[in-house]
Amino acid sequence: MSTLASEIIRNTGAISAADLARGGRVSGTIGDITAPDPRMVCRGVNVWYGAKQAIRDVSLDIGKNQVVAMIGPSGCGKSTFLRCLNRMNDTIDGCRVGGSIRLDGQEIYDKRVDPVPLRAQVGMVFQKPNPFPKSIYENVAYGPRIHGLTNSKAELDALVETSLKKAGLWNEVKERLDQPGTGLSGGQQQRLCIARTIAVSPEVILMDEPCSALDPIATAIIEELIDELREHYAIAIVTHSMQQAARVSQRTAYFHLGDLVEVGETNQVFTNPRHQLTEDYITGRFG
Amino acid sequence: MQIEAPPSAPSAPRRTIDIVNASLKRRYAREARFRFMGAAAVTLGLLFVAVLFADIAGKGYSAFQQTYIQVPVYFDPAILEPTGTPDPQTLAGADYQALVKASVRLLFPELTERRQLREAYALISAGAPQQLASMVSAHPSVIGTTRDLWLIAGADVDMLMKGHLDRAMPEADRHIKDSSIALLDRLAADGRIEKRFNTGFFTNGTSREPELAGIAGALAGTFYTLVLTLLFSFPLGVGAALYLQEFAPKNRWTDLIEVNINNLAAVPSIVFGLLGLAVFINFFGVPRSTPLVAALVLGLMTLPVIIIASRAALQSVPPSIREAALGVGASPLQTQFHHVLPLAMPGIMTGAIIGMARALGESAPLLMIGMIAFIVDVPQGFTDAATVLPVQIYLWADSPERGFVERTSAAILVLLGFLVLMNLAAVLLRRRFERRW
């Protein structure tokens with residue numbers, strides 16, 4: 001654990017009566033927000049949609065070779081936070097982001113940072129599988145092609161193959177790479193989207209409820225895949241399923257009404273939550 | 001569970017099922033009435049369309065045929081080469097009118113009175129001398145020989161042969177005299193009168209003489225105008241839609257622009273004509289009556305239609321596609337051009353074709369910019385004086401000669417044919433795009 005950790009942990013005590021009186025509003029994050037080998041370091045992130053503040057003073061690290069799960073009731077700001085990490089919020093009108101988000105030490109909201117290469121480094125997998133209405137091959141090849149990652153057709157072919165293999169889809173589609181990606185099943189489409197994301201060799205992969213549109217079998221396959229991908233990437237995943245968070249993540253962050261309430265080792269958060277709100281949520285009392 | 005209501009005493013409280021059953025019949029009857037009215041409306045509409053088409057086709061089909069009279073023509077060197085030198089210039093300047101008259105005298109040797117001869121000359125079209133002139137210039141060897149040639153009949157003969165003139169009418173009300181009819185009947189008995197396919201309708205420009213008038217000029221004018229209109233309005237319209245929909249900041253200025261574009265689509269087309277007259281012709285000095293200025297005006301008129309349709313098509317592309325492309329690091333422009341625009345293309349093309357179809361059928365704004373001029377020559381380019389099909393139809397419909405009635409209908413048929421072709425092309429094009437994506 002870094003020396004920074006002790007400085008950042010602001011509030012390790014139980015929730016105060018005053019907090020509860022203010023409608024459960026919490027004054028700081030409980031638990032260790034740092035990761036041993038952080039790819040992304042977020043400090044004091046605030047997001048507004050117009051006049052409405054969506055997330056408030058969130059600090060969290062996304063560590064290498066681990067999965068951070070973000071859980072919380074609907075509208076708690078977990079997806080908003082995730083979308084800040086590759087500046088997808090830029091496309092939303094009236095969205096403002098304050099605070100510091102650094103990728104390998106570089107401030108990503110710096111005026112000089114171009115979101116285009118940033119998104120090549122921080123890939124994203126969306127809630128609903130969204131393959132391009134093109135062939136399976138083209139879906140995976142699109143990213144490398146626009147970024148000029150390969151020099152020849154053979155290299156590109158190899159990259160497509162590796163990406164599809166890493167996404168665990170190669171054996172199912174190798175005979176029909178020229179067929180439309182939209183013709184695959186939902187789970188296969190989501191794995192195609194993952195292959196498309198890893199084809200540009202990102203450092204961080206963001207996943208926004210990647211299994212919410214899938215059946216349990218497809219979900220299990222994706223979860224297994226996420227666990228394998230951890231070997232090469234830093235992964236942040238937003239999920240509504242607490243079982244999923246427990247299964248795939250090493251760290252869990254609980255969001256509530258725009259605040260990051262509690263962060264910790266997944267085991268600890270689920271077995272021994274320190275904040276009353278976290279406990280209420282994971283025991284199913286609300287949410 | 002019992003659904004049917006048991007016979008109940010009048011005093012018993014009514015059960016819900018009874019109330020529902022009582023109203024059921026009325027509810028179904030209302031639905032049946034609505035369905036019937038819908039079907040009746042569609043049938044009535046189709047009926048009117050069928051009547052319209054049948055009427056136009058019935059009036060217009062005869063214009064695709066033309067009456068010809070076989071006349072023995074002696075290519076008299078005394079008429080063609082009065083100076084005795086057979087050079088092309090003399091041949092071009094020769095008196096072919098006299099040649100036609102001489103031929104008619106040859107056809108009816110028994111006619112001697114001037115009055116009778118004048119009537120006989122009128123059987124042949126005023127276009128016949130031109131017919132002979134082009135023949136002589138193409139084959140000078142015919143000079144000095146006698147050939148049996150099919151010459152275009154005059155408009156009244158044409159009408160009579162097609163049954164548009166009633167023989168039973170009193171002679172004074174008829175355009176054609178009894179004596180002429182007698183001559184024609186004799187020719188017909190000799191097999192010297194024939195109706196042939198009217199190629200001249202498709203190769204001639206317009207004319208004062210109905211039997212010589214064709215739509216080639218209007219077709220060429222329409223073609224040049226539409227090509228330029230598409231070139232002006234399509235890239236500009238799609239570009240504007242793309243910018244407004246995907247890139248422009250959303251503020252009161254863009255709101256104002258959007259409202260204005262929507263209103264422009266509803267502006268009467270003649271206003272665009274006035275604008276074209278004031279701005280393009282009077283201010284910028286674009287030559288009037290040309291496909292260029294027509295295309296500028298029609299392009300402005302089509303632009304709002306294309307912009308609105310394109311914006312709707314862009315909007316209907318799911319946002320997940322944009323997110324997917326942005327998510328792998330495509331720039332906003334790449335996102336639009338690689339993914340959003342191709343997906344929106346079928347919708348955009350539908351809008352463009354609707355706009356072009358409207359431009360094809362438009363006449364009012366073109367009247368303002370001089371397209372109504374009587375132009376005989378077929379335009380050869382974008383800056384030649386020209387007219388377009390709808391205006392040609394308008395001009396012909398306005399002409400008093402009986403022969404223009406069938407030409408008007410035939411021109412309408414051609415216009416409708418082009419509309420059908422355009423829509424067909426649109427459907428095929430859309431299919432191709434949809435298959436690819």
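How many salt bridges does the rule find across the interface of chain A and chain B? The rule finds one, a salt bridge being a side-chain nitrogen of Lys or Arg within 4 Å of a carboxyl oxygen of Asp or Glu.

A quick note before the views: this is a predicted model, where local features need pLDDT of at least 70 and side-chain atom pairs count only at pLDDT 80 or more, while totals for chains, interfaces and linings use all residues. Residues are numbered from 1 along each chain as its sequence is written, chains are lettered from A and ligands numbered from 1 in the order in which they are written, and side-chain values use heavy atoms, with hydrogens and water left out.

**View 1. Here is where chain A touches chain B.** On the chain A side, 22 residues are in contact with 19 residues of chain B; contact means heavy atoms within 4.5 Å. The two chains bury about 1,600 Å² between them, with 65% of that on carbon and sulfur atoms. Buried area is the accessible area (1.4 Å probe) that two parts lose on being put together, summed over both. Look for Phe132(A), Pro133(A) and Tyr142(A): they supply 30% of the area that chain A buries against chain B, more than any other three residues.

**View 2. Glu323(B) and Arg83(A) meet in a salt bridge.** Their side chains come to 2.9 Å, N to O. Helices (H or I, at least four residues) and strands (E, at least two) are DSSP runs, numbered from the N terminus. H5(A) gives the largest share, four residues.

**View 3. Helix H14 (residues 319-327) of chain B has several buried residues.** Among them are Ile321(B), Ala325(B) and Leu326(B). Buried means under 20% relative accessible area, exposed over 50%, and partly exposed in between (1.4 Å probe, protein chains only). The buried residues of H14(B) pack against H4, E6 and helix H8 (186-198) of chain A, together with helices H10 (216-247), H13 (291-315) and H15 (332-360) of chain B. After H14(B) comes Gly329(B), whose phi is positive, near 95°.

**View 4. This is the largest nonpolar core, with 42 residues.** A nonpolar core is a set of buried Ala, Val, Leu, Ile, Met, Phe, Trp, Tyr and Cys residues joined through side-chain atoms within 4.5 Å. Leu164(A), Ile194(A) and Leu229(A) are among the residues with the most contacts inside this core. Helix H9 (residues 216-229) of chain A provides the largest share, five residues. Leaving aside neighbours within four places in sequence, the contacts of Leu229(A) include Lys166(A), Ile198(A) and Ile235(A).

**View 5. Asp259(A) and Arg56(A) pair up from distant parts of the chain.** Their salt bridge spans 3.2 Å, N to O. Asp259(A) sits in strand E10 (residues 259-265) and Arg56(A) in strand E2 (residues 52-63), 203 residues apart. Asp259(A) counts as buried at 7% relative accessibility, whereas Arg56(A) counts as partly exposed at 26%.

**View 6. Glu223(A) forms a salt bridge with Arg247(A).** The closest N and O atoms are 2.6 Å apart. Glu223(A) lies in helix H9 and Arg247(A) in helix H10 (residues 242-248) of chain A, so the pair ties together parts that are 24 residues apart in sequence. Glu223(A) is buried, with a relative accessible area of 7%.
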